[in-house]
Amino acid sequence: MLPRTARRVDATSRKDPQERDTVSAESVTTRAAQGLPRNASLSEVSRAASACRACDLWKAATQTVFGEGAKKAVIMLVGEQPGDQEDRVGRPFVGPAGRLLDQALAEAEIERSEVYVTNVVKHFKWSPAERGKRRIHKKPRYSEIQACRPWLDAELERVKPEVLVCLGASAAQALLGKDFRVSRQRGQLIESSLAPHVIATVHPSSILRARDDQSRHEQLNSFVQDLKQVARVVKRSVH
Ligand code: SF4
């Protein structure tokens, strides 16, 4: 019988080349994050992540977009991946979805200084538009989310948020399991070892894709209600 590692390599070799690259590179990322001293600061982890090559997503992206915000934030918001503008600027949630998030946080009376924002995947995955120069968002694969997970775990370990908020299905399913349905469980407190309180809601980009103004307005309202629930949880647990 082959040793465990050899069996894994053998199984990997049957996958398509891109998948093979991604899967074999998982151990590289894991090593990259685990190789950090236990007391490495959040900035040191961020610097290490900027050189990450553990899956193929770095190749077409401009840079790693690590999380940012208060180092001991009470609330951590986790989205799927950086978008076009985030990729160019190198900061999370600075594009249209980020502006909508800021508006919703303000309406829910959550201070940005209380919040740390990040994504389950740190590089922008995209494909070129059929016409023009637009870069179209592509959903990351499960293996890419897994490859990037050590960076998110490193952020969670250091920030230690009181409330973890998953924004959208990709983040919720990555952190809470593949069967999690945001449509059914949004705004509810979820039992999880990741943080004392865990809640999932929609990603602000889904509100931007609403079919008309009325629908956008209703979806934004529901999003603000979910964030108000987060604010109530924070008040109960911190004060
Ligand atoms: S997406 Fe994550 S795992 Fe893949 S190269 Fe970027 S930082 Fe590394």
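I count a residue as near a molecule or strand if its C-beta atom, placed from the backbone, lies within 6 Å of it.

**Entry: the model**

I am reading a predicted model, where local features need pLDDT of at least 70, side-chain atom pairs count only at pLDDT 80 or more, and totals for chains, interfaces and linings use all residues. Residues are numbered from 1 along each chain as its sequence is written.

**Entry: around the ligand**

I found 16 residues surrounding the ligand. The closest are Cys 52, Cys 55, Lys 122, His 123 and Cys 148. I then sorted the shell into 10 nonpolar, three polar and three charged residues. Here Ala, Val, Leu, Ile, Met, Phe, Trp, Tyr, Cys and Pro count as nonpolar, Asp, Glu, Lys and Arg as charged, and the others, Gly among them, as polar. Which helix gives the most to this shell? Helix α6, residues 142–159, does, with four residues.

**Entry: the whole chain**

I looked up 10 helices and eight strands in the protein chain. These are DSSP runs, numbered from the N terminus: helices are H or I with at least four residues, strands are E with at least two. The chain has 239 residues, and 40% of them count as buried. Buried means that 20 or more other C-beta atoms lie within 10 Å of the residue's own; exposed means 12 or fewer, partly exposed in between, with C-beta atoms placed from the backbone.

**Entry: α3 and α6**

Helix α3 (residues 42–49) packs on α6 at an angle of about 170°, with the axes 10 Å apart. Axes are lines fitted to C-alpha atoms, for helices over the stretch in contact, and angles run from 0 to 180 degrees between N-to-C directions. The angle makes α3 roughly antiparallel to α6. Under 35 degrees is roughly parallel, over 145 roughly antiparallel, 65 to 115 roughly perpendicular and the rest oblique. From α3, the contact uses Leu 42, Val 45 and Ala 49; from α6, it uses Trp 151, Ala 154, Glu 155 and Arg 158. Contact means C-beta atoms, placed from the backbone, within 7 Å. I sorted these residues into five nonpolar, no polar and two charged.

Phe 93 sits in the loop between α4 (84–89) and α5. Is Phe 93 buried or exposed? Phe 93 counts as buried, because it has 27 C-beta neighbours inside 10 Å.

Glu 109 also has a positive phi, near 60°. I found Glu 109 in the loop between α5 and β3 (115–119). With 11 C-beta neighbours inside 10 Å, Glu 109 counts as exposed.

Definitions and conventions: Contact = placed C-beta atoms within 7 Å.
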